[in-house]
Amino acid sequence: MVPKLVPAARATAFAVVAVAAAALPGASPLRAEARFTPGPCWFTVPDGEAALCGTVAVPERRDRAGSGHFRLPVAVLLSSARQPAADPVLFLEGGPGASPFGGGEATEEKMEVWWELSAPFRRTRNVILFDPRGVGRAEPDTDCPELDSVGASPRARPVTREQRAQAERAAVTTCVNRFKAMGLDGGLFSTPIAADDALDIASALGAQRVNLFAVSYGTRVALEILRRPGGRVRSAVLDSVYPPDVNAQEDAPWLAHRAFRRLFDDCATNRACRAAYPDLEKRFLALVERLNATPVDLVVGEFESRRALRLSGASLIAAGLEAMATGEAVPSVPAMLDRAIRGRYDAVAEWAPTSWLGDPDTADGLAFSTECRETVNPTDPVKQAESARRYSPYGSILADDPGQRVCRLWPAGQQEPSERLPVASPVPVLLLSGAYDPVTPPDWGDRAAATLPKSRHLVFRSAGHLVTATEECAITAAVTFIDSETLPANACPAAGKPPSFDRP
């Protein structure tokens, strides 16, 4: 479909000042090195809505004059207000390596969600979406299609760890060689650089101040922005908080243990769940031990999506974590585990993640550059091993961790120790966490809040990762907080309700 033109009544004045690098009403030009160039939207604008699309050119290297620019695609979903507030909402996507727009045919579907999700924000403000450098439509292209094709190749039987490692090593090496041939290196990609780019986009659009709305890894970028002086941020909403002073590799066994502990405790205190699935934890751990000793080979999916799966105890744990992360699936997890314990693996196999590195929805090179620099390479192997022992058997999820294999090959930069310090800021911040989140647990939200004196932390007892994706009240709270920089004491009263589990 051909994108609709922006309605003239709301677009003309906006577009004119955008060309002058002051696109947002009431704002003045900032930081001339970032330039906005209007262009056609790459998605359909619904009837009655309006958008301004284009690119912002950000410096490739801010420490070298004349280093060139990368063009990042930007879409401003325009407010329905006659006089929008001068401080727009700037969205920071997770990942790293994910695009808020999606790719290919998924873009239209994803943008439909964005129009609906952003509508409450746009009653008073514009909403800015953009692809980070190296992601989606942004320059440079850091995708590793070799990894996608390796992982997507049909196989009648599961491959061994050694076979998978060898195939991945060849694919990553090819990608590294292309990365270097393009003149790219790990110094071009990091959380501080992502923060610089986000602020440059705001400047290019003329926004002196912004309200941040960040999810998952995007919250780490948001915290880095909050670390900066200058008062550029009016308020921030951080969904699924990833603070800089944690290491997800070292904490992986604890993260898994904590999520399952939440599940087993909630089931044990729920009369119906306890009766339907007695001794669930004991029986689950026995199955993990059996599958680690004797994995089961399965075929999952239908037609083109069929894949071979070797279900081990570690992959059983990973399947449970995947289900809990979605939030909406939490009520079904006890039944799913009970079914597996009884030898029926169909439901749990659908949640078992692929063991291959490639992800068509992720810019692999950007993801590797960031994660190798800031998570994998700084990992203390002694702490990681101790965590695996302490939280056995959940440490088994690290047994086939590809991170070290990739990062031995990938040309990542080196993180500065100061980047790992907690962030202190006087900005009003709303933190949102899901009690079942195995990726960014509420404990991390508490950790970030400790140095944010004007923060409020809401924990949703039945939610997983990305609370605003499943909890309507979380979006309502985010809109209220950005509008007023505070929340009523009784906001989201149902957030503390534990899940109601499915019966057999």
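Q: At what angle do helix H9 and helix H11 pack, and how far apart are their axes?

A: First, some ground rules. This is a predicted model: local features need pLDDT of at least 70, side-chain atom pairs count only at pLDDT 80 or more, and totals for chains, interfaces and linings use all residues. Residues are numbered from 1 along each chain as its sequence is written, and side-chain values use heavy atoms, with hydrogens and water left out. Helices are DSSP runs (H or I, at least four residues), numbered from the N terminus, while strands are E runs of at least two. An axis is a line fitted to C-alpha atoms, for helices over the stretch in contact, and angles run from 0 to 180 degrees between N-to-C directions. Here, H9 (residues 280–293) and H11 (residues 333–341) pack at about 50°, with axes 10 Å apart.

Q: What word describes how H9 lies to H11?

A: Under 35 degrees counts as roughly parallel, over 145 as roughly antiparallel, 65 to 115 as roughly perpendicular, and the rest as oblique. The angle is about 50°, so H9 is oblique to H11.

Q: Is the crossing of H9 and H11 left-handed or right-handed?

A: Left-handed means the near helix is turned anticlockwise from the far one by less than a right angle; clockwise is right-handed. This crossing is left-handed.

Q: Which residues make the contact?

A: Contact means heavy atoms within 4.5 Å. H9 brings Leu280, Arg283, Phe284, Leu287 and Arg290. H11 brings Pro334, Leu337, Asp338, Ala340 and Ile341. For classes, Ala, Val, Leu, Ile, Met, Phe, Trp, Tyr, Cys and Pro are nonpolar, Asp, Glu, Lys and Arg are charged, and the others, Gly among them, are polar. This contact has 7 nonpolar, no polar and 3 charged residues.

Q: How many cavities of 30 Å³ or more are there?

A: On a 1 Å grid over the protein atoms alone, a cavity is a set of points where a 1.4 Å probe fits but cannot get out; lining residues have an atom within 4 Å of a point. Points join across faces, edges and corners, and volume is the space filled by probe spheres set on them. The count is 4.

Q: What lines the largest cavity?

A: It has 20 lining residues, with Pro132, Ala194, Tyr217, Val221 and Leu366 nearest its centre. H5 gives the most, 4 residues. By class, the lining has 13 nonpolar, 4 polar and 3 charged residues.

Q: Which helix gives the most to the lining of the second largest cavity?

A: H6 does, with 4 residues. This cavity holds about 70 Å³. Its lining has 4 nonpolar, 2 polar and 5 charged residues.

Key:
On a 1 Å grid over the protein atoms alone, a cavity is a set of points where a 1.4 Å probe fits but cannot get out, and a pocket is an open set with protein on both sides within 12 Å along at least five of seven lines; lining residues have an atom within 4 Å of a point.
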